[in-house]
Amino acid sequence: MALWHADHDLKGVDAVVLPGGFSYGDYLRCGAIARFAPVMQEITDAAERGMPVLGICNGFQILCEAHLLPGALVRNQSLHFVCRDQGLRVENADTAWTRSFEPKEEIVIPVKNGEGAYTADEQTLDRLEGEGRVVFRYIGSNPNGSRRDIAGISNAAGNVVGLMPHPEHAIDALTGPGTDGLNLFTSLLERAGV
Amino acid sequence: MDSVEHAAQTPDHPQPFAELGLKPDEYQRIRDILGRRPTSSELAMYSVMWSEHCSYKSSKVHLRQFGEKAPESEALLVGIGENAGVVDVGDGWAVTFKVESHNHPSYIEPYQGAATGVGGIVRDILSMGARPLAVMDQLRFGDPSETDTARVVHGVVAGVGGYGNCLGLPNIGGETVFDTCYQTNPLVNALCVGAMRHEDIHVSSARGEGNLVVLYGALTGGDGIGGVSVLASESFDETGPSKRPAVQVGDPFTEKLLIECTLELLHAGLIEGIQDLGGAGLSCATSEMASNGDGGMHVWLDRVPLRDATLTPEEILMSESQERMCAVVTPANREAFMAICEKWGVTATVIGEVTAGDRLVIEWHGETVVDVPPRTVAHDGPVYNRPLEEPAWLKPRQAAPTHPEPTPPRETLLALLGSANNASKAWVTDQYDRYVRGNTALAQPEDAGVLRIDEETGRGVAIATDCNARFVELDPYSGTQLALAEAYRNVAATGAVPLAVTNCLNFGSPEDPAVMWQFSQAVTGLADACLELKIPVTGGNVSFYNQTGETAIHPTPVVGVLGVFDDVARRTPMAWGPDGELIYLLGETRPEFGGSAVATLQGILTGMPPAVDLQAERVLAEILVAGSRDGMLTAAHDVADGGVGLALAEMAMRAGIGARTWVPDGVDAFTFLFSESAARAVVVVPRSEELRFTEMCGARRFACERIGVVDSGLGEVLQIGDIEVGIAEMRERAAGVLPSYFA
């Protein structure tokens with residue numbers, strides 16, 4: 001089910017994925033305009049009521065801009081866009097989007113971004129770590145200079161998760177490095193008891 | 001205002017035709033066609049449409065061979081002459097692909113030049129009715145250690161990536177080559193491939209009297225006007241913005257909207273004819289659509305929405321502002337058309353209509369500024385049969401000794417991996433998204449990019465582009481055939497059946513008889529080889545004037561081959577498989593070093609390129625495809641630049657698994673490892689398939705020799721005869737080169 005940015009309508013869905021891409025060309029700050037899309041009002045309300053929301057790459061940036069998640073994503077340390085298969089550790093396997101993973105499971109999914117360096121003030125970073133809200137961490141090498149190797153985080157309730165890497169590109173060995181990304185989507189089914 | 005009426009009354013008004021690039025006889029011809037002097041708007045249109053870039057006036061007489069020698073092909077649905085050729089890939093799917101150059105703009109303004117090169121080729125594919133699916137880039141730069149090279153490389157790579165990534169198109173392959181001959185003439189070629197259902201194929205024509213001509217997309221600005229500003233300043237006072245960039249500026253987000261909007265319009269059946277606005281902007285779109293149609297066209301130029309209100313009619317006609325399309329729409333569909341454009345936030349304006357006559361008439365605030373037969377602008381431009389002369393230096397160079405000094409194999413292999421041309425290109429390709437759209441089954445550094453088109457059936461295509469310009473420099477006829485042979489082989493190595501050819505012919509000045517001779521040889525070689533391989537040329541692009549002063553680039557005819565898969569799941573990758581599988585070399589190795597990578601390491605560019613054997617290429621391709629189809633191959637890699645040695649090293653690095661290989665009897669290690677004989681590939685065969693595979697090769701009388709075995713017991717080491725090279729050492733060597741220059 002595709003939602004349209006300009007409609008105030010979630011069409012009765014049970015969860016929302018904000019996908020990657022380049023909303024408004026990323027000409028301003030990534031996600032800074034899309035967060036004002038009419039449908040974001042409904043998404044924000046639903047997220048606050050506990051609806052699972054996943055933001056991938058540009059979707060993560062939009063969730064940060066919308067203050068559904070803390071912190072921000074800034075230009076890669078290398079100053080270049082980077083696309084590669086990336087090792088991650090699942091730091092929290094209890095969120096709505098990660099319960100199909102084993103705790104501390106190590107996975108490989110592609111990362112591809114130009115402005116993917118997660119940043120927040122020390123206090124926020126400490127709080128995220130302390131509350132178990134760092135959901136994914138880069139292992140091997142950090143592709144973009146994210147603070148504390150953070151690849152993905154959640155809100156306090158665990159229903160809203162954002163990450164820079166692209167699990168949708170690791171669902172089939174034909175078109176990606178493997179199938180490690182599938183668990184994000186099956187987590188949701190598990191939660192729904194499917 | 002220089003209206004038609006005014007032009008008729010002032011026949012002797014001097015016009016800056018020479019500054020616009022027209023020769024005196026060409027200017028006279030325009031006067032003869034019109035029976036009066038052209039208006040400034042008409043002069044602008046003719047000058048840009050009769051330019052080499054748009055009219056192919058020097059290349060046309062040679063390019064005819066692609067049609068005349070075309071092999072019979074049931075796959076060809078739309079041939080040369082449209083925005084891009086279209087081929088049938090089965091199950092009702094049609095695929096269109098094309099390469100175009102954006103060389104000069106990319107030297108002046110590397111980022112925007114490269115970005116708009118991608119944008120332009122994507123719109124060509126879109127205008128056939130296809131959804132653009134992927135891009136590739138063929139890049140050639142000067143010496144990597146020159147400081148200006150870094151300026152160009154950084155801008156071009158960021159531009160290709162910035163535009164393609166933002167559009168959401170995967171970049172699935174291409175070439176990055178360094179040679180001093182490109183120092184002040186870098187080549188930036190971009191390829192796009194798209195797919196559609198057969199019934200969605202559209203062409204560029206304006207038909208049906210009373211139908212509307214709609215311009216939609218970005219607003220028109222002063223960018224990309226180039227030489228026409230001469231005319232503008234001649235005819236008008238100079239109060240407007242004076243310095244306008246000759247290089248266009250790209251806006252990939254607008255292009256993304258344009259793609260989605262156009263596809264929705266096409267699928268809703270609201271478009272009668274469609275054309276993208278590229279080189280020569282509205283001049284090209286209006287004259288070509290009218291020329292291809294069944295009537296005339298009337299355009300109200302003052303209705304064109306502008307980004308800069310001071311633009312003159314001549315400038316509006318010439319503007320190459322990006323992200324614009326032109327469609328012919330019936331009056332009944334006007335409202336539905338506009339509604340879809342509004343949904344996508346795309347500006348759309350009715351700027352004209354199809355008329356009964358046979359004239360293209362353009363009006364500016366009530367005055368007629370253009371009144372021409374459109375065919376004379378778009379299709380009946382001048383044609384030149386320019387003088388040809390084999391360059392005097394060629395024969396002595398071909399006769400000079402070819403043999404590089406044999407050097408120790410291990411050091412030679414590492415030196416190759418440490419050279420910019422054979423090193424890892426990850427520094428470039430990691431800046432491109434290869435995954436987006438989720439249908440990339442293989443991408444660089446694999447032999448070809450492989451895309452799934454149909455998610456239900458797995459039907460898909462493979463595309464490779466190649467050109468070793470050193471071969472072409474040494475012998476343009478066979479060198480161009482080798483470019484085709486390599487792309488053909490690369491496609492077959494992945495398991496796809498080669499189906500169609502495109503090209504981007506980058507050469508020096510056509511006014512130099514030596515360059516023109518190279519060009520004619522290259523085209524003849526390509527046409528002859530396509531006929532023999534039975535795959536048609538579906539389209540292409542010519543870029544001349546890639547030279548500074550007297551020095552031209554090496555002739556660089558980039559050749560692209562498209563192959564088809566019934567199911568991409570059976571693709572053959574280049575990384576070798578599990579332990580114990582057998583490594584075979586297919587094809588014959590002769591001491592052939594002319595234009596080779598090892599000769600280049602020693603600064604030698606003499607002799608003849610490797611011999612071309614197209615029948616051998618055909619049989620090799622059949623074996624590679626059959627091997628994929630019948631599950632006899634776990635890996636395959638084409639042997640080209642750097643020979644068998646580099647092929648083995650690349651397979652080992654890709655796999656991260658060691659192998660034990662040996663030098664066959666009857667050949668010295670240096671020749672075996674570094675000769676670049678054509679029609680060869682390294683393949684990996686499971687033991688259970690060995691007999692079946694060797695029997696298949698035997699039945700086809702194709703040379704097939706076991707040269708090794710995958711062996712992780714060695715550790716991560718590639719053993720070749722009595723030498724050993726660690727995979728980590730090779731990777732480190734290969735990965736470090738481009739960052740050492742550019743990071």
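**Stop one: where the chains meet**

Start by selecting the contact between the chains: 25 residues of chain B and 21 residues of chain A take part. Keep in mind that this is a predicted model. Together the two chains bury about 1800 Å², with 61% of that on carbon and sulfur atoms. Now pick B:Phe253, B:Asp430 and B:Tyr435: on the chain B side these lose the most area to chain A, together 33% of what that side buries.

The interface has two salt bridges by the rule used here, and eight residue pairs are in polar contact between chain B and chain A.

Switch to cartoon and colour α8 (147-167), α10 (252-267) and β14 (440-442) of chain B; these are the elements that give two or more residues to the side touching chain A. The largest share, three residues, comes from α8(B). Colour that side by class and you get 11 nonpolar, six polar and eight charged residues.

**Stop two: the rings**

Over all chains, the structure holds 16 aromatic pairs. Zoom to B:Phe593 and B:Phe670, a stacked pair at 5.5 Å centre to centre with 25 degrees between the planes. B:Phe593 sits in the loop between β22 (582-586) and α21 (597-601), while B:Phe670 belongs to helix α24 (residues 669-674), so to speak a link between distant parts of chain B, 77 residues apart. Both phenylalanines, B:Phe593 and B:Phe670, are buried.

Notes:
Residues numbered from 1 in each chain as written. Chains lettered and ligands numbered in written order. Predicted model: local features only at pLDDT ≥ 70, side-chain atom pairs only at ≥ 80, totals over all residues. Heavy atoms only, no water. Contact = heavy atoms within 4.5 Å. Buried area = accessible area lost by both parts, 1.4 Å probe. Salt bridge = Lys/Arg side-chain N within 4 Å of Asp/Glu carboxyl O. Polar contact = N/O pair within 3.5 Å; in protein donor to acceptor, adjacent residues only side chain to side chain. Helix = DSSP H or I, 4+ residues; strand = E, 2+ residues; numbered from the N terminus. Nonpolar A, V, L, I, M, F, W, Y, C, P; charged D, E, K, R; others polar. Phe/Tyr/Trp six-rings, centres within 6.5 Å; stacked < 30°, edge-to-face > 60°. Buried < 20%, exposed > 50% of the residue type's maximum accessible area, 1.4 Å probe, protein only.
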